[in-house]
Amino acid sequence: MSLAKKIEYWFMKDIGADLLMKFGGAAKKKKGPSKPNPKLGPRLEASAVLQRIIARHYFMSRFAKGAMPVAWVTSGAPVELLRAFGFYTVYPENHSALCGAAKRGAEICQVAEERGYASELCSYARVDLGHLFSGKTPVGLLPKPDILFCTTNICATVGYWYKAIAHYLQIPLIQLDTPFNFTEMTQADEDYIVAQLHESVEELEKFSGRKFNYNEFVRICEMSHATSMLWGEVLDTMKTKPSPMTIFDAFTQMLPVVSLRGLPVAKNYYEILIEELQQRVKDGVGALANERKRLMWDNIAVWFKLNDLSKLFAEHDMNFVVATYTSSWSSTQDHMSNADPFKGIAQTYSRTILNCNLNHRLHTMQQSIEDWDVDGLVIHSARSCKPYSVGQYDLKRLVLERFDVPSVVIEADIADERVWSDEQVRTRLEAFFEALEDDGREAA
Amino acid sequence: MAEKTASRGAYITEKKQAGLRPVGVFPAQYPKEILWALGILPVEIWDPPLDISTAGAHLQPYVCSIVQSGLELILNGGAEEMEAFLFPHTCDSVQNLATVVNDYIDLNKPCYFFFHPKAPYRQSSRDYYYNQLKRLAKELEPQFGPMDAEKLKTAVAQGAKVAELLRQIYMLRAQNRLACSAVEFYKTIRLGEYLLPEDFIPVLEDFMLGAGGQGPSGPAVVLSGVLPNPPEILQTLDEMDVRIGNDDLLACSRRMIAPPVHDDDPLMQMTKAYFGLPPCSTKNSPTDERLDYLQVISERSGAKGIIFNMVKFCETELFDIPQLEEALKKRGVPILVVDTEINQGFSGQLATRIEAFIEMLG
C-alpha cells in the first residue's frame, strides 16, 4: 500500500468527498423534483441520506485502491472478518443490481457474452464479468480487487463466478463453503465452517501482513449484529396497517445492511430510518395513499422494473409489505450473539434462506403471511437465480393449498432486461389482480 | 462386451430378487462403496430416455435436461423400484431438485443428501469429507443397516479394483491400444452406473482382453463435458474413424479415475481417493488446474483437439468454458464447443461442425 494513496484516501474521506459530492449534487438538482404520484404516500426523507451514503461508498472506492486492500465480496459473506483486517469491500452483486436498475444490465451482459459467457448464466455474474472486461458501469469506476471473498450460502454459482475473476485477475480467492441444509444444520457442518474461518484468518494474515485483532473482530461482529437487528426492526414496521413503506423501498433501503454491515454508518442510518418510520406509524402515514391489499414478494427484485412494478401495484392499491429476500440479512442474526463469534458467524451465515431446504422457505412464508397479514403472493421466477427459483411452481401450489393465499408467477430476471415480456407479465398480473379482488383463489 | 450384460431393468429386478435394495442416485459424485456395503444397489439417474412432460409442472424451462429428465423418471413411475433416492450436491439445480422431491412432492420414499466440499480445498475440506462419509453411513443405517465393517472394507477394495481397471482401460485407449468404437467404449464404461462391482469387474476385465489391438486410425480428440450424450456425437466420431484419446466427462473419468491409495481406515482411503480425482467444475476446481489437466491428457493421448459437449443450462460447465477456451487457444490447442440437449438427437448442422473440426485437425 502506498503512503501517498493513503493520504489521498483519508483526505477524500474527511474533506474531499463531501465537497465534491456537494458540487456534483448541486449540478444534478437543477433537474427539479419529479411529479408526485397520487397513489403513493410521501417519500421517505431518509432516502436522501441513503443516496448520499451509497454515492459516497462508490465514490470513496475509487480512492481505496492502493490505500488499503480491496476485496470483492459476495452478499452473504461474513464481511466482519475482512473488516477486522481493514479491507475496503465492494459488492459486485450490489453493483450488478445498480446496473440493472439503471437499465444498463443487458448492455454490460453482452460484453461478457461476447467473451463466451452463455446468456443462460446468472446476470449478476455476467454484468460483473462484463464490467471487468470493459469497465462499463453507471457508477463511475470500481476499484479492481486485491482479493476475492466468496461464500456459497446464497448459491454455488458465486463460487464459479468468483473463480473466473480469480483466474482473470490472478488474485487469491478465499471461499467459505457452507453446506446446504437439506434437513438440519449439524455439528459437523458448524465445525467445518468454523475451521474454514480460522483457515481464512491465517490466509488473511498472510495476505495483509497484519496480525488478526480478535477484540476488533468482536467489536465489528457486535456492530454487524446491531445493524442487522435494526434492519429487522425496519422490516417489522411494515406489519402496521397501513405499512409505512413498501418492499420496493426496502429493496433500496437494504443496501447498508448488505454492503456496509459492520460499519457505524450502516447502524447510524437505520437509527434515522427507524425514527422516521415509527413517526409514520404513529401518524398513520402509509407508503400507499390507500392500502387495500397486502402482498408478499418472493425472490430478488426485478431491478430494471422496480419503478414500473411499484407504480402498477400502487395503481391497484396493493402494497408489498414483506419479502423473503429482504429479511435474509436479519432473520438469522440472533445467532450472532453467540459467545464465540466464529460459531456465531457459522450459524448466522449458514442458516440463510437460500442455504436451507424448501420446507424452511415454506415455513418462513407461512410465518410472514401471518405476521404481515398477507393477502397475496407474487413469485418472481428469476432465470438467473436457480436456488431461489427452482421449486417455486410447487411453492405456489402449496401456499394456496395450505394457507389459502393466491399467488402469481412472473418469469423475469434480476438484471438482464431482455428477459422480460410485457405481454406475459401483464396477462398474468391482470388475472392475479382479478383473483385478489374477487377474493378468489385461482390466479395465473 | 456390454451386450453380455442384462439390461438395466432386468438387472435391477434380478438383484432385488437376490435381496439387494435399489436406490436411485442423481449425478454426480457419491461414495458408492458405502452403499454397496449396506447391500444397496445404487442405480444412477443421468439421462433416462424420456420426453419431458410432467416435470415441466415443477421445474422452469431454464433448468437443464438432466435434472428435468431425472424428475420426469420419478414422476412417471419409472423409478418405482427404487427404495430411496440419493442426491449429491452437484450444482444449484440438483440441490433444489433434491429439496423439491423431498419436501414438496409426496413420494413416500426417503431422500438422502450428500454434500461434498467445494474447492479451493484446505485441510478442513478433507476433514469434512471424511465426516460426511460417516454421516451418510449413519443416515442410511436405519433403513439399510447396520453397517458391517468387514463389508465396508471389501466394498472399498472393490471400488479400488474398479478404479484400477478403468485407469488401465483409459491408458490403453490413450496409447491407441484399444480396438473399439467410442459407442462401445462408453456403453461398457457406463455399465458402472448400475452394476455392482462383482459384476462390473469381470465386464471390465473381459472388455480389456477382448478389445486389445490398434484403435481407430483417424485423429484423436479429448471429449469434455458432462455426458457422452446424445449418442449421435459418438456415432459421428466413429464414422469419421476418430479416436477419443481421453475424456474429461463428469459422468466418466472425472469421477471414475481415482488414484491408487491405501489406508487401513476404509473411510480415510475413500477420502484420499476422492481428493485425488481429476479436477471438476462441480467441485469448483480452480480453472488453472483443469486447464493443466486438459493439456496433460491431450498430450498423453496424442489428441489434436478438444470437443466440449455442453448441456444447455449447465452452469458449472458454462462458467468454465470461456476461460478454458481462451487459455487453450493461447496454448495452441484447437477446440470445438457444441451445445446439446440430452436425448434430443443431433442436428445436421452440429454434425457438419464436428466434421469440419475433425477435418481441420487432419
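Student: In this predicted model, does Gln170(A) count as buried or exposed, and how many C-beta neighbours has it inside 10 Å?

Tutor: Find Gln170(A) in the loop between helix H7 (157-169) and strand E4 (173-176) of chain A. A residue with 12 or fewer neighbours is exposed. Gln170(A) therefore counts as exposed, and its C-beta neighbours inside 10 Å number 8.

Student: What is the phi of Gln170(A)?

Tutor: Most residues other than glycine have a negative phi. Gln170(A) is not a glycine, yet its phi is positive, at about 50°.

Student: Where is Asp373(A) found, and does it count as buried or partly exposed?

Tutor: Asp373(A) belongs to the loop between helix H15 (358-371) and strand E7 (376-382) of chain A. It is not a glycine either, and has a positive phi of about 50°. Buried would take 20 or more neighbours, and exposed 12 or fewer. Asp373(A) has 14 inside 10 Å, so it counts as partly exposed.

Student: Which residues of E3(A) point one way, and which the other way?

Tutor: In a regular strand the side chains alternate between the two faces of the sheet. Strand E3 covers residues 147-151 of chain A, and five of its five residues are buried. One way point Ile147(A), Phe149(A) and Thr151(A); the other way point Leu148(A) and Cys150(A).

Student: Which residue of E3(A) is the bridge partner of Ala71(A)?

Tutor: Look at strand E1 (residues 70-73) of chain A. E1 runs parallel to E3(A), and three bridges join them. The partner of Ala71(A) is Ile147(A).

Student: Which residue in E4(A) stands opposite Leu148(A)?

Tutor: E3(A) also pairs with E4(A), in the parallel sense, over four bridges. With H7(A), these two strands make a right-handed β-α-β unit. Opposite Leu148(A) stands Leu173(A).

Student: How far apart are the end C-alpha atoms of helix H4 of chain B?

Tutor: H4 holds 13 residues, 92-104. All 13 of 13 are buried, so to picture the helix, think of it as mostly covered. At 1.5 Å a residue it should span 18 Å, which agrees with the end C-alpha distance of 17 Å.

Student: What is the omega of the bond from Ala119(B) to Pro120(B)?

Tutor: Most peptide bonds are trans. Pro120(B) lies in the loop between strand E4 (111-114) and helix H5 (123-144) of chain B. The bond from Ala119(B) to Pro120(B) is cis, with omega near 5°.

Student: And what is the omega from Gly145(B) to Pro146(B)?

Tutor: Pro146(B) lies in the loop between H5 and helix H6 (149-174) of chain B. The bond from Gly145(B) is cis, with omega near -5°.

Methods. Residues numbered from 1 in each chain as written. Chains lettered and ligands numbered in written order. Predicted model: local features only at pLDDT ≥ 70, side-chain atom pairs only at ≥ 80, totals over all residues. Expected span 1.5 Å × (residues − 1). Pairing = 2+ DSSP bridges. Right-handed = clockwise from strand over helix to strand, strands pointing away.
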